Amino acid sequence: MDILSEETETNLRHNGIRPVQFSHRSTTHPERGIYIREVYSQFLKEMIIQPGIAKANLGLSREDVTMEDHPLNPNPDSKWNNYFRDNEVLLQIDKDVRRLYPDMAFFQRPTDYPCQLILDPQNDYETLRRRVEQTTLKAQTVDRSRSGVTNVSSPGKALNLYPSNEYEVLPSGCEAHWEVVERILFIYAKLNPGIAYVQGMNEVVGPIYYTFATDPNDEWKEHAEADTFFCFTNLMSENRDMFIKSLDDSQCGITYKMESVYSMLKEKDMELYMKLQEQNIKPQYFTFRWLTLLLSQEFLLPDVIRIWDTLFSDQDRFEFLILVCCAMLVLIRDQLLAGDFTVNMRLLQDYPISDVHTILAKAKELQDAS
């Protein structure tokens, strides 16, 4: 799989960098792996560290008002305007990545290889975590009694909006795996303003990062962030149209892909297709999540990685994804044929089969029968 997508190449050239094409973990050209990691370091310097330079080097904070530029400057070219727009994207990313795979503790644990470029103790750069904390400051909830103020708490805790450990701060110099994923998505959004960040991208990048960050080879594990970024960028270059709302009804959009699942089901199992049609169970009720998130929310993470291993090894990977979705329907046909609308919707939105090998075997069978 080529690491650099056309979009990334364009952005690199715009910044005066001449990109090359290569495959991930090239053993014949190891210098290429070094090259992309240097490029990613440049992204970190320009998009993460740069906003904190004033604070680190001049003893100033980004909130300081200057004559040239200030937070209330209406000029669209104001750096502050860009900063605030970026914060809107960052807050959505932050909300999503903090809850990434809540059934496992991995993403909440500290990484063995925190980004020293940003966490350098000699500097005081504004990390994304600190940026979020400053942006989300809200008025505190105050409970009063006859004797005056009796309790002060944050709005989130007062309403039990998040678990007590969700915003737990790690020791200085440490960062959790979800923070690394947050940085990857933020840089992707900055480099791809046409799509920026869409909710669900965190579910796509999660399995990629987990695979690299748990590699038994420490050399690869150390560079999981940069490797994940370029693999995710390349994957999104093929899959991004399903995240763009304006393309929903085009041949490359999500609506067409969802209807393709039913078209294939009609070809493979007319009786089941007619049953779903009679019950008015539309493909968008369940295949939207299956397709856009590449089944990452339907199975446990190890099973998702197993599915993706087969998916990405297929030359027509997204066509094979449609086959996998069709196979999932065929494998529970007896239950669907016997169930009513409510029962069937529950089956489709909480898929009952956990053996992904059976699903992949059925998908391959359908493919060979075509």
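What percentage of the 370 residues in the protein is buried?

## Model and overall make-up

Buried residues, meaning those under 20% relative accessible area with a 1.4 Å probe and only protein chains considered, make up 46% of the 370 residues. The model is predicted, so local features need pLDDT of at least 70 and side-chain atom pairs count only at pLDDT 80 or more, whereas totals for chains, interfaces and linings use all residues. Residues are numbered from 1 along each chain as its sequence is written, and side-chain values use heavy atoms, with hydrogens and water left out.

The protein contains 19 helices and 2 strands, taken as DSSP runs of at least four residues (H or I) and at least two residues (E), respectively, and numbered from the N terminus. Of the contacts (heavy atoms within 4.5 Å) with a separation of 6 or more, 68% join residues 24 or more positions apart.

## Helix H11

Helix H11 covers residues 224–239, and its 16 residues should span 22 Å at 1.5 Å a residue, which agrees with the 22 Å between its end C-alpha atoms; the expected span is 1.5 Å times one less than the number of residues. Because 14 of its 16 residues are buried, H11 is largely enclosed by the rest of the structure.

## Packing of H8 against H11

Helix H8 (residues 177–191) packs against H11 at an angle of about 45°, with the two axes 10 Å apart.

Notes
Buried < 20%, exposed > 50% of the residue type's maximum accessible area, 1.4 Å probe, protein only. Axes fitted to C-alpha atoms, helices over the stretch in contact; angles between N-to-C directions.
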